[in-house]
Amino acid sequence: MKQQFLLSMRRWQRVTTALIAAALASSAYAGFFIPKDSTMVMGMYSPTESMFEVSHGVTRDTSIAVGVGNMTDTLRSYRWKVAHAQATKLVGRVYNEDGIGNAYVFAGPLVATGNTFDGTRYGVHGGVWADYETRRVYGRVSWHGYKNSAFAWNEVVVQAMLAPYLADYEDVASWGGMQVKRRTGETQMELTPFVRFFKKDWWIDAGVSVNRANRKDIFVNVMHLF
Amino acid sequence: MKNFSLITLFIAAAFGAQASFADTLKIKVDGMVCGFCASSIEKKMRANQATADVYVSLENKIVAVSEKTGQTLDDAVLKAQIADSGYEVKTIERVSASIADVRAATKAKKT
């Protein structure tokens, strides 16, 4: 009986550990805008950044999110844990028959702990995000900054993607492309070829970095829309 | 007996008339290029009580919504719901066809 209880406890420990590990996803996706009345759960992991975020669309042009994440640099000289809340505002959208372009701003409070400072620090984070998409091409540029009394940190992300075939709504859409990321304190841009698959309310990104400093760093991003 | 036949005929006519009211709305939507984003439209359409079925085609940029027999979907409500999902409705066309018919027609158009 006691052994069964211990086994069950260990199983729960493993599940909890797995959930915490999954809860380490990336600011490369913070800012993602969610349509009104939809809720999205996102988990992202890479060796240098991770984040778990829950977002909800509250109006046609505003969504809110809360998340937790870890950040470190290639040399692991700093390790920060950051919890954040944010509001994302759609500030511009252009439509044409074959494509859609969006511009968003996002901002909110953050709380951080880390190995480069004592205690808990409160601060703010925010950024801008612009993308354009057709069924064949996707392009995105975003900037995300963090600021508190212990650190100021930011990253710029550029993504360019191409779809090898035109997927319809009921098909699995497949994309291939390149992500370029530049972060405070890094000497190199992080280059990550990656693939994207989505079908209806599931979205998966996966890539492997190829620049010297980040070579073989795998990143995975999973999103589900409710 | 004659009365019974008349009642039967009346009921049959009434049901026949109701069936003809079960329309499908073909909604042309601009900017609908991503299935992940469009899934919020499908969810909203399915949440309507009068909705029987939904079909989304990125290829043809249409959302087709069929009505339950005897119930009517309000064009203005659908338009507002799609706008809330972040897209722009270009046109709404009411057709006497099932979702299966619309799906078959769009697939045939594709090939």
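**Two chains, one interface: a walk through the model**

From the N terminus on, chain A runs α-β-β-β-β-β-β-β-β-β-β-β-β. That is 1 helix and 12 strands. Helices (H or I, at least four residues) and strands (E, at least two) are DSSP runs, numbered from the N terminus.

Some ground rules. This is a predicted model: local features need pLDDT of at least 70, side-chain atom pairs count only at pLDDT 80 or more, and totals for chains, interfaces and linings use all residues. Residues are numbered from 1 along each chain as its sequence is written, and chains are lettered from A and ligands numbered from 1 in the order in which they are written.

Back to chain A. It has 226 residues, and 35% of them are buried. Buried means 20 or more other C-beta atoms within 10 Å of the residue's own, with C-beta atoms placed from the backbone. Now contacts: two residues touch if their C-beta atoms, placed from the backbone, lie within 7 Å. Take the contacts in chain A with a separation of 6 or more: residues 24 or more positions apart account for 42% of them.

Chain B next. Its pattern along the sequence is α-β-α-β-β-α-β-α. So we have 4 helices and 4 strands. Of its 111 residues, 31% count as buried. For contacts in chain B with a separation of 6 or more, residues 24 or more positions apart make up 69%.

Look at the sheet in chain B. It is open, has 4 strands, and the order is β2-β3-β1-β4, with antiparallel pairing. Strands pair if DSSP finds at least two bridges between them.

Zoom in on β2(B) and β3(B). They run antiparallel, joined by 6 bridges. They form a hairpin with 4 residues between them. In the turn, B:K61 has a positive phi of about 55 degrees. Across the pair, B:V54 stands opposite B:V65, and B:Y55 stands opposite B:A64.

α3(B) lies across β1, β3 and β4 of chain B, at about 145 degrees to β4(B). Axes are lines fitted to C-alpha atoms, for helices over the stretch in contact, and angles run from 0 to 180 degrees between N-to-C directions.

Now the cores. A nonpolar core is a set of buried Ala, Val, Leu, Ile, Met, Phe, Trp, Tyr and Cys residues joined through C-beta atoms within 7 Å. The largest has 23 residues; B:I27, B:A38 and B:V65 are among those with the most contacts inside it. β1, α2, β2, β3 and α3 of chain B each supply at least two of its residues. A second, separate core of 19 residues includes A:F32, A:F33, A:F198 and A:L225.

Last, the interface. 21 residues of chain B are in contact with 23 residues of chain A. Which element gives the largest share of chain B's side? α2(B), with 8 residues. By class, that side has 8 nonpolar, 7 polar and 6 charged residues. Here Ala, Val, Leu, Ile, Met, Phe, Trp, Tyr, Cys and Pro count as nonpolar, Asp, Glu, Lys and Arg as charged, and the others, Gly among them, as polar.

Note on methods. Buried ≥ 20, exposed ≤ 12 C-beta atoms within 10 Å, placed from the backbone.
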